[in-house]
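Please prepare a short briefing on the fold, packing and strand pairing of this model.

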Amino acid sequence: GPVGAAQDRERWELLGRQDVDFRGDRDRIEVGRHEGRFKQLQIRVQGAPVEIENMVVTFGNDEKFSPKLRHRFDEKTTSRVIDLPGDRRTIKRIDFNYRSVNRREGRATVAVYGR
């Protein structure tokens with residue numbers, strides 16, 4: 001019911017978002033240590049379809065993790081939950097490569113949430 005949905009919303013925390021205009025094909029979301037420690041990520045896309053071809057998460061200790069995420073996001077879609085390896089940890093930044101599915105569609109926003 002609505003109570004569960006509200007609790008779920010509180011658990012996911014926005015780490016950052018990036019407007020994607022499709023002139024470039026690579027973007028970075030700077031997260032920073034102050035945001036907390038995370039075990040899972042989720043990507044949400046709004047505005048226009050995007051295909052994310054590659055994503056690299058850099059942790060606070062500079063270790064990198066690249067989830068197998070070749071995924072087409074239609075407008076207002078959400079990725080599956082991405083489990084991060086190891087214990088909960090801070091995330092420094094997230095880099096991703098993408099391509100627009102339909103170049104006429106203007107711009108999309110890619111948001112990354114963590115919990």
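How many bridges join S4 to strand S5 (residues 64–65)? Two bridges join them, and the two strands run antiparallel; strands count as paired if DSSP finds at least two bridges between them. The model is predicted, so local features need pLDDT of at least 70 and side-chain atom pairs count only at pLDDT 80 or more, while totals for chains, interfaces and linings use all residues. Residues are numbered from 1 along each chain as its sequence is written, and side-chain values use heavy atoms, with hydrogens and water left out.

**Overall make-up**

- The chain has one helix and 10 strands, where helices (H or I, at least four residues) and strands (E, at least two) are DSSP runs numbered from the N terminus.
- In sequence order the pattern is α-β-β-β-β-β-β-β-β-β-β.
- Of the 115 residues, 42% count as buried (under 20% relative accessible area, with a 1.4 Å probe and protein chains only).
- Among contacts (heavy atoms within 4.5 Å) with a separation of 6 or more, 79% come from residues 24 or more positions apart.

**Nonpolar core**

- The largest nonpolar core has 25 residues; such a core is a set of buried Ala, Val, Leu, Ile, Met, Phe, Trp, Tyr and Cys residues joined through side-chain atoms within 4.5 Å.
- Strands S1 (13–20), S3 (40–46), S4 (50–59), S9 (91–100) and S10 (108–114) each give two or more residues to this core.
- S4 gives the most, with five residues.
- The residues with the most contacts inside the core are Leu 41, Ile 43, Ile 52, Met 55, Ile 91, Ile 94 and Phe 96.
- Beyond its neighbours within four places in sequence, Ile 94 is in contact with residues including Asp 27, Ile 29, Leu 41, Met 55, Val 57 and Val 112.

- In S10, seven of its seven residues are buried.
- In a regular strand the side chains alternate between the two faces of the sheet.
- Ala 108, Val 110, Val 112 and Gly 114 are buried on one side of S10, and Thr 109, Ala 111 and Tyr 113 are buried on the other.
- S1 and S10 run antiparallel and are joined by seven bridges, with Gln 18 opposite Val 110.
- S3 and S10 also run antiparallel, with six bridges; here Val 45 has Val 110 as its bridge partner.

**Strand S4 and its partners**

- Eight of the 10 residues of S4 are buried.
- Three bridges join S4 to strand S6 (residues 71–73) in antiparallel fashion, and Glu 51 has Arg 72 as its bridge partner.
- On the S5 side, Val 57 is bridged to Phe 65.
- The hairpin of S4 and S5 has four residues between the strands, and Asp 62 takes a positive phi near 75° there.

**Aromatic rings**

- The chain has one aromatic pair, by a rule that takes rings of Phe, Tyr and Trp (its six-membered ring) with centres within 6.5 Å, and calls planes under 30 degrees apart stacked, over 60 edge-to-face and the rest tilted.
- That pair is Phe 96 and Tyr 98, tilted at 50° between the planes and 6.0 Å centre to centre; both residues are buried.
- The charged end of Arg 44 sits over the ring of Tyr 113, 3.7 Å from its centre (NZ of Lys or CZ of Arg within 6 Å of the ring centre and within 35 degrees of the ring normal).
- Arg 89 lies over the face of Phe 59, 3.8 Å from the ring centre.

How values were computed. Buried means under 20% relative accessible area, exposed over 50%, partly exposed in between (1.4 Å probe, protein chains only).
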